[in-house]
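Let's walk through this one together, feature by feature. Bring your questions and keep the viewer open.

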Amino acid sequence: MRWAAVVAGVGLFWLLGNPARAESIEDGGSPPCDCEAAETQSGPWSGSLALGLSAAVGEDKIFTASADWSSVYDARPHRFEAVLSGFYSLENRENNVNRQYGRAEYRNYFSPRWYAFGALSAERNLQQDLQFRVTPVGGPGFQLLDRDRPEAKILKRDSASLQLGIGYQYQRLSSGGQRAVDQDAVLELSGDYAMTLVRDITWSSRVSYTLPPTQPRNWHVLGDTTLNLPVIGNLGVQVRLTFDYLNGPELDSGAGEKLSFLGSLGLSYSY
């Protein structure tokens, strides 16, 4: 995609094109340290807000507006994260490009690696004829990575975790006068990875697999990845891709799509 190439090019130029950094490296020294900026970023709270546009191609070629908000409170042993995202058709609210998603998760670390978590997620996706889905889950998690590298030149911080939850899922599908309600116990396997690069460039990804043991064909996979490039102060450019696959249940009409693949490019504010 052209816009992805443009964003990558701007980010690479911005990362390597700082004259002060180039002169320092040529002289055999280390890159200049912005110690005051590092100190101002301390604290348990962090997050971002982004507004963007994306092109959607279907029965109607339209533009959709996208909005993303995330916030994290990390003061071990406690960690709380909340995420909201949405795609809205600008021309027709009933167009099936509409999708909204939210998730809140709390973790309590009882060792440096192990923790217990509880999470609640909700989703609406008209491409899949999904009017709403609510899924509370809880269980154990394992911190695979949690490294700070303040002296590194490129990768300043990275973290990764894997968790298995047991919960309950309630969802309703509706299309063309047909309705279906599905509710069952579920298992959810999920993993996430996040990194912070030089100049506060951040990249985060998460994927989850949800399976009702009594209805193994009705599994669901959700994944997303977000790249944030700061430009001026707290303002930046954000690229986000979302993969949403619902294998079942299906309505008899078969009008809904199993796969939703959504992308957006927009402005972001990080705090």
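Q: How many helices and strands does the protein chain have?

A: A quick word on the ground rules: this is a predicted model, so local features need pLDDT of at least 70, side-chain atom pairs count only at pLDDT 80 or more, and totals for chains, interfaces and linings use all residues. Residues are numbered from 1 along each chain as its sequence is written, and side-chain values use heavy atoms, with hydrogens and water left out. Helices (H or I, at least four residues) and strands (E, at least two) are DSSP runs, numbered from the N terminus. Here the protein chain has three helices and twelve strands.

Q: What percentage of the residues in the protein chain is buried?

A: Buried means under 20% relative accessible area, exposed means over 50%, and partly exposed is in between (1.4 Å probe, protein chains only). Of the 271 residues in the protein chain, 38% are buried.

Q: How much of the contact count comes from residues 24 or more positions apart?

A: Contact means heavy atoms within 4.5 Å. Among contacts in the protein chain with a separation of 6 or more, 53% are between residues 24 or more positions apart.

Q: Which residues make up the largest nonpolar core?

A: In soluble globular proteins, nonpolar side chains tend to be buried together. A nonpolar core is a set of buried Ala, Val, Leu, Ile, Met, Phe, Trp, Tyr and Cys residues joined through side-chain atoms within 4.5 Å. The largest one here has six residues: Tyr109, Tyr115, Phe117, Ala119, Val137 and Val186. Strand E5 (residues 114–125) gives the largest share of this core, three residues. Take Val186 and look around: leaving out residues up to four places away in sequence, its contacts include Val137, Ile166, Tyr168, Leu211 and Pro213.

Q: Which residues form the nonpolar patch on the surface?

A: Patches are made of residues with over 30% relative accessible area and no salt bridge; like charges are joined within 9 Å, and nonpolar side chains (Val, Leu, Ile, Met, Phe, Trp, Tyr) within 5 Å. This patch is formed by Leu144, Leu162, Leu164, Ile166, Leu187, Leu189 and Tyr209, with about 620 Å² of accessible area together. Strands E7 (155–175) and E8 (178–197) are the elements that give two or more residues to the patch, and E7 supplies the largest share, three residues. Tyr209 sits in strand E9 (residues 202–211) and is partly exposed, at 35% relative accessibility.

Q: How many salt bridges does the structure hold?

A: Side chains of opposite charge can pair when their charged atoms come close. A salt bridge is a side-chain nitrogen of Lys or Arg within 4 Å of a carboxyl oxygen of Asp or Glu. The structure holds 17 of them.

Q: What is the distance between the closest N and O atoms of Asp146 and Arg76?

A: Their salt bridge has those atoms 3.3 Å apart. The pair links distant parts of the chain, with Asp146 in strand E6 (residues 130–148) and Arg76 in the loop between strand E2 (62–75) and strand E3 (78–89), 70 residues apart. Asp146 is partly exposed at 33%, and Arg76 is partly exposed at 36%.

Q: Which residues join Asp146 in a salt-bridge network?

A: Asp146 also meets Arg157 in a salt bridge (2.9 Å, N to O); Arg157 is in strand E7, eleven residues from Asp146. Arg157 forms a salt bridge with Asp148 as well, at 3.0 Å between the closest N and O atoms. Salt bridges that share partners join Asp74, Arg76, Arg79, Glu81, Asp146, Asp148 and Arg157 into one network.

Q: Is Arg79 buried or exposed?

A: Arg79, in strand E3, counts as buried because its relative accessibility is 15%.

Definitions and conventions
Areas by Shrake-Rupley, 256 points an atom, 1.4 Å probe, with all protein chains shown as cover.
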